[in-house]
Amino acid sequence: MAQDSATIPTSGAPHVSLGTYIRHNIRDYALLLSLIVIMVFFEVATNGILFRPVNITNLVLQNSYIVIMALGMLLIIVAGHIDLSVGSIVAFVGALAGVLIVQEHWNFGLVFLFCIAFGAVAGAAQGFFVAYLKIPAFIVTLAGMLVFRGLSLYVLGGTSYGPFPTGFQLLANGFIPDFFGATFKWTSMLIGTAVAAIIIFFKIRERFNQQKHDLAEEPLPIFIGRNVLIAIGFLWLTYLLASSRGLPNVLVIMFALITLYAFVATNTTIGRRIYALGGNEKAARLSGIRTNRLTFYAFLNMGVLAALAGLVFTARLNSATPQAGLGFELDVIAACFIGGASPTGGVGKIIGAVIGAFIVGVMNNGMSILGVGIDLQQVIKGLVLLAAVCLDVYYKRKA
């Protein structure tokens with residue numbers, strides 16, 4: 001009898017024991033477990049405030065720009081570099097938007113395109129110095145941090161610009177409209193359910209293709225358990241958001257960017273070449289990869305995402321201020337390292353950077369609710385970052 005096309009072939013798939021697989025991938029699962037533990041801890045410590053729908057909505061809005069920048073920063077770090085200028089680019093883009101929209105009365109759609117173009121130019125300029133003039137990225141982006149911070153202070157003249165038009169504010173403060181007119185946002189819930197179903201469908205199809213080519217190593221119990229947890233977590237988050245104001249517009253932007261960058265990093269030639277570049281630049285260059293151009297594109301991409309984050313942050317704040325973006329580069333870099341990126345390059349995952357960003361975000365939110373001073377918050381985040389890097393060193397020595 002011919003094999004049923006719906007049956008997943010397993011006879012040729014490599015057999016990997018449950019214990020072996022967990023040992024080889026313990027860092028990925030430990031990261032997700034850490035996020036769950038931190039969330040549960042702050043939920044208990046705050047007497048249930050953390051998981052309230054309003055607070056979950058604020059958590060998403062407050063960390064959107066960090067997540068957006070973490071996607072670009074991960075590629076920079078994987079390529080073996082660093083970018084210290086992103087917080088200052090956020091500030092300068094906000095200053096440009098403030099002056100052009102509030103003072104010069106430009107159309108905010110035109111300003112959006114102009115600011116994104118500026119981010120591309122800023123990233124490309126820094127990428128040129130790093131990729132073609134071989135100046136260390138630390139020095140180039142440190143100079144960029146000072147230059148763009150100074151320019152933002154000059155443009156704003158030490159004052160703040162605002163408020164912004166409602167249409168511009170919708171970028172960060174808007175929500176998916178509900179077509180049912182009920183208190184519970186059923187439109188958002190249906191969208192979230194559909195997206196969860198699509199994610200699980202593609203995960204199952206990916207496993208089917210892996211087994212068909214004898215590439216599936218993840219044991220079936222872990223595959224089922226992981227995807228059940230993903231579905232439950234996604235539906236639970238959607239339910240909480242639908243119980244408040246619905247799905248934020250910026251969450252849709254974040255999800256689209258995460259999907260795009262995860263696909264590029266794992267399923268495209270340029271993504272694989274970036275990992276090769278960070279793993280061994282000389283070997284990558286000898287194999288025919290144009291490493292200079294890859295580095296240039298990585299910084300250009302980071303500039304675009306920093307500009308987008310600057311627009312989101314400015315719309316969220318509804319004001320362009322000289323102090324915008326202070327310390328953002330630290331949170332973004334910390335998110336990548338906590339999410340599993342290696343300081344030496346060549347290692348890191350998009351989803352890891354996203355989880356790392358939310359770990360930082362939950363810690364910031366939870367400690368603020370508990371009334372922990374900003375000084376102690378910085379100490380705790382610094383220790384968590386140090387622990388993450390120490391784990392990276394430990395696993396590299398063990399490998």
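The model is predicted, so local features need pLDDT of at least 70 and side-chain atom pairs count only at pLDDT 80 or more, whereas totals for chains, interfaces and linings use all residues. Residues are numbered from 1 along each chain as its sequence is written, and side-chain values use heavy atoms, without hydrogens and water.

The patch covers about 640 Å² and is made by F128, F129, Y132, L133, I135, F138 and I139. Patch members have over 30% relative accessible area and no salt bridge, with nonpolar side chains (Val, Leu, Ile, Met, Phe, Trp, Tyr) joined within 5 Å. A salt bridge denotes a side-chain nitrogen of Lys or Arg within 4 Å of a carboxyl oxygen of Asp or Glu. Accessible areas were computed by the Shrake-Rupley method with a 1.4 Å probe, and for residues only the protein chains shown count as cover.

I135 is located in the loop between helix 5 and helix 6. Its relative accessible area of 31% makes I135 partly exposed, a class lying between buried (under 20%) and exposed (over 50%). K134 is found in the loop between helix 5 and helix 6 and has a positive phi, near 60 degrees.

Most residues other than glycine have a negative phi, and most peptide bonds are trans. A positive phi near 60 degrees is also found at N318, in the loop between helix 13 (291-317) and helix 14 (328-338); N318 is partly exposed at 21% relative accessibility. G162 and P163 are joined by a cis peptide bond with omega of about -5 degrees, and P163 lies in the loop between helix 6 and helix 7 (166-173).

Notes. Patch = residues over 30% accessible without salt bridge, like charges linked within 9 Å, V, L, I, M, F, W, Y side chains within 5 Å. Helix = DSSP H or I, 4+ residues; strand = E, 2+ residues; numbered from the N terminus. Buried < 20%, exposed > 50% of the residue type's maximum accessible area, 1.4 Å probe, protein only.
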